[in-house]
Amino acid sequence: MTLRLCQLYGLTIASPFPLPGARPLATTATPDVTIAWEPETAWRDVADSRQIPPHDPNAPHLGNTADGGLSIAWRRELQLVLAESHDRITVVCTRAKLEFAPTVLVGIGLGLLLHRRGIVCLHGSVIALNGRTFALLGDSGTGKSTAAAALVAHGGTLISDDIAALRPDGDGFAVAWGCANVRLGPVASARIVGTDQLATVPWLDKLMWDVSGNDSGADRPPPRLDALYLLGPAADADGVTVGAPIALARALPRLVESWYPQHFTPLLTQPRLDALRTIAERVPMFDLSYPRRWDILPQLIAALRG
């Protein structure tokens with residue numbers, strides 16, 4: 001397979017297949033990470049496999065390989081092996097299952113690799129709008145991607161969907177340019193994008209709105225993160241409410257809940273917790289509650305314009 005270069009989360013990646021939302025590179029730069037494919041006969045066995053989360057029958061198994069790599073595997077169908085050197089991810093599966101590999105790589109695969117490289121990631125969408133860059137965080141189903149798509153449709157720039165990779169930048173943090181696709185349900189796609197005929201995301205029950213043409217980002221420095229918004233529901237009769245800055249004692253636990261990879265909190269080491277504490281101390285976090293109604297989107301956009 002021919003390798004092609006792209007950029008995601010501040011990493012130059014050489015991959016044998018396109019990665020959804022990655023920004024292609026035409027240069028001959030040396031890759032930080034190389035992705036390879038091997039057939040199912042190359043499946044690695046692990047001695048200490050554990051399922052995360054433990055009570056979900058569809059959850060992947062995580063374990064260490066004999067050569068010091070990290071394996072994450074879904075049944076005996078698809079396996080990602082992260083090299084101990086943190087510069088290679090091997091996809092092990094049949095050719096029939098290869099269509100699922102890009103989606104898994106852009107999410108959990110690179111999320112785990114960034115973690116092993118010491119980069120803190122949060123589960124959320126990051127938008128730049130009116131000179132500010134902010135992340136939308138919250139539990140699954142709170143509308144992070146829908147809100148991000150609405151903001152992009154009204155002039156915002158998508159920095160990254162699903163994963164916010166944060167690196168220290170002076171007294172704050174910068175957000176790496178990440179996935180340039182917004183994952184939407186059919187109704188959200190029809191209302192915001194104007195069509196429900198977008199490409200589907202293999203593995204996930206979502207449609208994929210590619211906004212990479214709006215702003216390549218590949219040749220621009222990562223923007224500094226100005227704020228974190230924790231999305232939550234409100235009563236139908238209420239409007240959009242943005243609270244006061246959340247105190248550290250509450251902000252830190254919410255950042256732990258928003259840590260990426262999701263559900264992999266057993267991997268949270270003390271240095272990662274310290275990094276999350278620093279984020280909570282230096283980046284203001286706000287509760288943002290709103291009713292889940294389509295007619296509320298203009299009010300939500302106005303609240304986030306700052």
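Strands here (E, at least two residues) and helices (H or I, at least four) are DSSP runs, numbered from the N terminus. A pocket, on a 1 Å grid over the protein atoms alone, is an open set of points where a 1.4 Å probe fits, with protein on both sides within 12 Å along at least five of seven lines; lining residues have an atom within 4 Å of a point. This is a predicted model, in which local features need pLDDT of at least 70, side-chain atom pairs count only at pLDDT 80 or more, and totals for linings use all residues. Residues are numbered from 1 along each chain as its sequence is written.

Strand E3 (23–24), like E1, supplies at least two residues of the lining of this second largest pocket. Its volume is about 200 Å³, a volume being the space filled by probe spheres set on the points, which are joined across faces, edges and corners. Of the 15 lining residues, Pro18, Leu19, Gly21, Ala22 and Pro24 are the closest to the centre.

Now look at the largest pocket, which holds about 1,200 Å³ of space. Its lining counts 45 residues, and those nearest its centre are His123, Ser140, Asp162, Leu204 and Gln262. Helix H1 (101–116) provides the largest share, 4 residues. By class, the lining has 21 nonpolar, 15 polar and 9 charged residues (Ala, Val, Leu, Ile, Met, Phe, Trp, Tyr, Cys and Pro count as nonpolar, Asp, Glu, Lys and Arg as charged, and the others, Gly among them, as polar).

Among the elements that each supply at least two residues to the lining of the largest pocket are helix H2 (144–153) and strand E15 (181–184). E15 also belongs to an open, antiparallel sheet of 3 strands in the order E15-E17-E16; two strands pair if DSSP finds at least two bridges between them. E15 and E16 are the edge strands, each with a single partner, so one side of each has no neighbour in the sheet. H2 packs on this sheet and touches E15 and E17, its direction making about 130° with that of E15. Contact means heavy atoms within 4.5 Å, while axes are lines fitted to C-alpha atoms, for helices over the stretch in contact, with angles from 0 to 180 degrees between N-to-C directions.

Finally, how confident is the predictor? The chain averages a pLDDT of 91, on a scale from 0 to 100 for each residue.

Key: Heavy atoms only, no water. pLDDT = per-residue confidence, 0-100.
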